[in-house]
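Thanks for coming. I have one structure to go through today, so please look at the screen while I talk.

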Amino acid sequence: MYNFVDTDLIEINDNLELEIRQIPNTNHKILIIDNFLKNPEYLREIAFKQTFEKTPFHKSNNPGWVASPNLKFSQILKTAEYLVENYYDIKQKEEFISQFQFNLFQGGMPCKYSSILPHTDPAFFAFQIYLNLPEECLGGTNFYKNIECDIDHNVEYFDSDFKRTEKYWKLNNYLNEKEKNNFNTILDSKQIDPNEWENIYNVEMKYNRFVLYFSCIFHTVYIEKEWYQDPKRIGLVGFLK
């Protein structure tokens, strides 16, 4: 059976209300738009049609399932690019390279410890749309500061000078040590050691909420082991590279 979807049917709501949140004691801001799509149910329908590879999580760097369809959500992308240009004051000489994926999570799944730690993405910006229904929503997205290295971001993707700093090498050594001394655990944000990672901000999960942020800020899904057994946590994630 063929599976056809029309991403042009995904429409952005009119008269959007943008909320700008500043992470306390940082220069980082997060852009949030609630009731983002006119028809989020259609994006959910597309998400549930995806094929998610059954990965042995103890061998993966991702504590969930990922589907990376070759789909272009043009209206979502245009909105993200507009927000970046107008609220982050970034003028690109060339167009961003975009990438979309659907993420699926289930609390308590076995995984590597390093996969649940706060991370950064190899992109300039990341954004996501939460797709669980209102009665299903728990947790959200957490942002962190590494206490030992006294840093809440890693800009090596777009700032080569950062690699010459002491903080970068301290952070790099810390992450390499964690990878080397990896062990099996379960997907549960409570497993993240609060003596090593300070949770500096949380964006609450809400159906049809759009969230955009610098992908260099340490972040991770906030989920507990009992959550999202059925249905699982699902969302669309995008990157601007």
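Start with T220. At 4% relative accessibility, T220 counts as buried; buried means under 20% relative accessible area, exposed means over 50%, and partly exposed lies in between, with a 1.4 Å probe and protein chains only. T220 sits in strand 11, residues 219-222. Helices here are DSSP runs of H or I with at least four residues, strands are runs of E with at least two, and both are numbered from the N terminus. Leaving out residues up to four places away in sequence, T220 touches I116, L117, P118, H119, G140, T141, N142, Y144 and I192. Contact means heavy atoms within 4.5 Å.

A word on where this comes from. The model is predicted, so local features need pLDDT of at least 70 and side-chain atom pairs count only at pLDDT 80 or more, while totals for chains, interfaces and linings use all residues. Residues are numbered from 1 along each chain as its sequence is written, and side-chain values use heavy atoms, with hydrogens and water left out.

Now the sheet. In what order do the 7 strands of the open sheet come? The order is 1-2-10-6-12-4-3, with antiparallel pairing. Two strands pair if DSSP finds at least two bridges between them. At the edges are strand 1 (18-22) and strand 3 (65-67), each pairing on one side only. On average, neighbouring strands are turned by 25° against each other, direction ignored. Axes are lines fitted to C-alpha atoms, for helices over the stretch in contact, and angles run from 0 to 180 degrees between N-to-C directions.

Strand 10 deserves a minute. Strand 2 is joined to strand 10 by 3 bridges, and I33 stands opposite F210. With strand 6, strand 10 pairs over 5 bridges, and there F127 stands opposite L212. Beyond four places in sequence, F214 is in contact with Y88, I90, F124 and F125.

Next, helix 2. Residues 74-87 form this helix, which packs on the sheet and makes an angle of about 55° with strand 12. Helix 2 has 14 residues and reaches 20 Å from first C-alpha to last, close to the 20 Å expected at 1.5 Å a residue; the expected span is 1.5 Å times one less than the number of residues. Which residues of helix 2 are buried? They are I76, L77, T79, A80, L83 and V84. Just after the helix, D89 takes a positive phi of about 55°.

Last, the cores. A nonpolar core is a set of buried Ala, Val, Leu, Ile, Met, Phe, Trp, Tyr and Cys residues joined through side-chain atoms within 4.5 Å. The largest has 40 residues, and V203 and V211 are among those with the most contacts inside it. Strand 9 gives the most to this core, with 4 residues. A second, separate core of 35 residues includes I33, W65, L104 and F127.
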